[in-house]
Amino acid sequence: MKKEWPLWEVFVRSKNGLEHRHFGSLHAADAEMALENARDVYTRRNEGVSIWVVESKNITASNPEHNAELFEPAQDKVYRHPTFYDLPDEIKHM
Amino acid sequence: MNTNLYNYLLGIADNSLILGQRLGELCGHGPSLETDIALTNISLDLFGQVRSYYQYAAKVAGDNRDEDTIAMMRPEREYVNVLLVEQPNTDFGYVIARQFLFDVYHYMFLTELQSSKDETLAAIAKKSIKEVSYHVRFSSDWIKRLGDGTEESHKRIQNAINDLWTYTDELFHQTEADKKMIADGVGVDTSKLKEQYYKQISNVLDEATIEVPDLKYFQKGGKQGVHTEHMGYILAELQYMQRAYPNMSW
Amino acid sequence: MSEAQIKSLEEEFEARIARDEKIEPKDWMPEKYRKTHIRQMSQHAHSEIVGMLPEGNWISRAPSLRRKVALLAKVQDEGGHGLYLYSATETLGITRDELFEQLHTGKAKYSSIFNYPALTWADIGAIGWLVDGAAIINQVALCGTSFGPYARAMVRICKEESFHQRQGYEITLKLAQGTLEQKAMAQDALNRFWWPSLMMFGPADADSPNTEQSMKWKLKRKTNDELRQQFIDQTVPQAELIGLTIPDPDLKWNEEKGCYDSGEIDWDEFWQVVKGHGPCNKERMKARVSAWENGEWVRDAALAHAEKQQEKKLNKAV
């Protein structure tokens with residue numbers, strides 16, 4: 001047959017309260033095996049309490065060539081940040 | 001020393017020792033990197049359990065024995081593992097079949113051992129059962145994959161199950177030490193597990209479209225230290241350093 | 001794209017790296033950058049998995065249960081690290097199967113050190129202490145390399161490998177403190193692994209034409225000879241501390257330079273092994289190829305099963 005096991009992306013939650021973070025990828029024939037492999041490969045040192053796997057081909061990624069139009073417009077919207085606003089010195093926390 | 005308890009501990013631990021050793025041979029040679037890593041995890045789990053049992057056994061013996069002399073300095077006739085676990089890594093089908101036939105037993109055994117009157121044993125069982133629960137899942141899943149997968153994989157896993165089936169009955173044999181420990185509320189009465197064992201095995205095999213062998217004759221002897229010819233070679237490697245360089249520390 | 005456009009893209013690309021920005025897989029990159037990275041990263045991955053073999057040989061013979069589990073975990077880590085590195089390489093548009101194919105046909109290289117045999121238990125100590133010690137020097141530098149997936153894999157690998165060298169040094173230490181026979185075993189392993197370990201840093205700078213480009217892309221932070229010197233300077237005192245002798249009669253402390261002077265490497269041997277004629281090149285490849293070929297029916301079966309399950313699900317849905 002000579003076909004390769006598909007590629008999966010692995011996301012691991014290190015402990016409750018934290019989000020799942022991308023840990024890496026691996027090959028597996030199906031979702032169940034991907035979960036088991038992820039457990040065996042990426043949590044050997046007690047790194048996780050929850051795992052997500054998703055077949056890599058199902059991820060839609062933005063194209064870096066569009067970065068200028070996608071992300072640069074947000075750069076000058078400084079009014080979205082607290083430092084944009086002037087407060088009297090007497091106000092220490094707001 | 002409590003000879004019965006000591007022998008009972010070896011009866012449990014030797015299985016994990018020899019199976020761990022067999023799986024260790026595969027490290028670096030698996031069918032895929034992911035599977036290689038998974039099998040090594042199982043091997044590491046088993047060796048971890050082995051160490052707990054032997055360390056306890058050394059305490060029970062109360063002389064200068066330690067986990068390593070118990071693991072590596074006995075003559076072959078004093079190893080009491082079942083024949084199943086010493087069978088070779090003929091191919092991945094045999095590896096999975098051997099694992100599956102042992103894991104299902106191992107899980108049921110540890111489930112009962114958790115309520116042993118011996119607190120140390122109960123504690124080891126409580127820790128180990130989480131590991132073995134994963135082993136059962138891993139090997140059962142692979143049984144289904146291989147049984148259902150391709151014509152070739154079906155044939156291979158069926159062959160492996162057929163060949164290894166003859167070693168399953170011995171899992172439920174009881175030695176003198178076993179009987180004594182059961183009577184004391186320390187050991188697990190394995191005779192009560194047998195029916196459930198074959199039922200669970202058959203369920204998985206059915207799902208995997210693998211035929212359950214119809215066999216009347218079973219092999220035995222491991223628990224009395226009478227092994228298959230494979231055992232000597234396993235021990236030759238396991239014991240090599242301790243035999244070639246006795247009384248040294250490493 | 002016109003040549004001028006490509007040139008301007010290339011300049012912008014080099015400038016990004018010079019600013020310490022990371023390059024990610026979908027970013028535009030010069031073809032040479034992609035090819036060089038595929039080559040170096042896969043070579044690194046291959047080294048991890050071929051590296052499992054010499055140490056793997058000793059798992060069944062480890063002298064104690066404690067040593068056995070440590071060695072198993074270490075060899076397994078190497079498999080994991082190979083996996084991380086293959087995954088990182090795959091982001092550049094090549095599959096793991098293709099990479100294996102390159103390894104199995106001899107098109108791709110791996111670290112020559114693994115073509116030396118592990119003959120005694122002391123060799124397991126020497127491999128951990130010297131070979132992992134040399135590897136760490138290279139790998140720490142790579143944590144800051146320009147290609148994001150490679151740098152991330154290296155960070156994870158360096159974190160996990162921190163126990164590997166300790167494991168090896170502890171084995172050697174124990175032997176050095178042991179009986180005369182054990183001490184001789186440790187010295188013999190050091191004698192055989194010292195020079196091949198120095199060779200791990202690659203040819204002398206004068207014979208290493210790619211260094212300048214690699215420095216630019218941060219695939220290298222220091223030259224081969226600088227790293228080799230660093231390794232010698234850090235390892236000699238470790239050997240002295242446990243009473244072992246580095247097998248180099250020309251080795252002596254140079255007060256003026258503040259580092260060790262050392263003897264000449266046997267470069268003929270270096271090239272012989274690199275070209276595939278080391279003591280174990282053929283065996284190592286045979287072991288990898290047979291694991292791969294014997295595993296084919298297993299991989300096929302898993303895939304066939306997955307496809308059948310998928311079909312069943314679809315049929316149910318209809």
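**Interface of chains A and C, and aromatic pairs**

In this predicted model, about 2,000 Å² is buried between chain A and chain C (accessible area, 1.4 Å probe, lost by two parts on being put together and summed over both), and carbon and sulfur atoms give 52% of that area. Local features need pLDDT of at least 70 and side-chain atom pairs count only at pLDDT 80 or more, whereas totals for chains, interfaces and linings use all residues. Residues are numbered from 1 along each chain as its sequence is written, chains are lettered from A in the order in which they are written, and side-chain values use heavy atoms, with hydrogens and water left out.

The contact (heavy atoms within 4.5 Å) takes 22 residues from chain A and 24 residues from chain C. Between these two chains there are five salt bridges (a side-chain nitrogen of Lys or Arg within 4 Å of a carboxyl oxygen of Asp or Glu); A:Lys3 forms a salt bridge with C:Glu307, with the closest N and O atoms 3.1 Å apart.

Over all chains, the whole structure holds 28 aromatic pairs (rings of Phe, Tyr and Trp, the last by its six-membered ring, with centres within 6.5 Å; planes under 30 degrees apart count as stacked, over 60 as edge-to-face and the rest as tilted). The rings of C:Tyr33 and C:Phe147 have centres 6.4 Å apart and planes at 80°, so this pair is edge-to-face.
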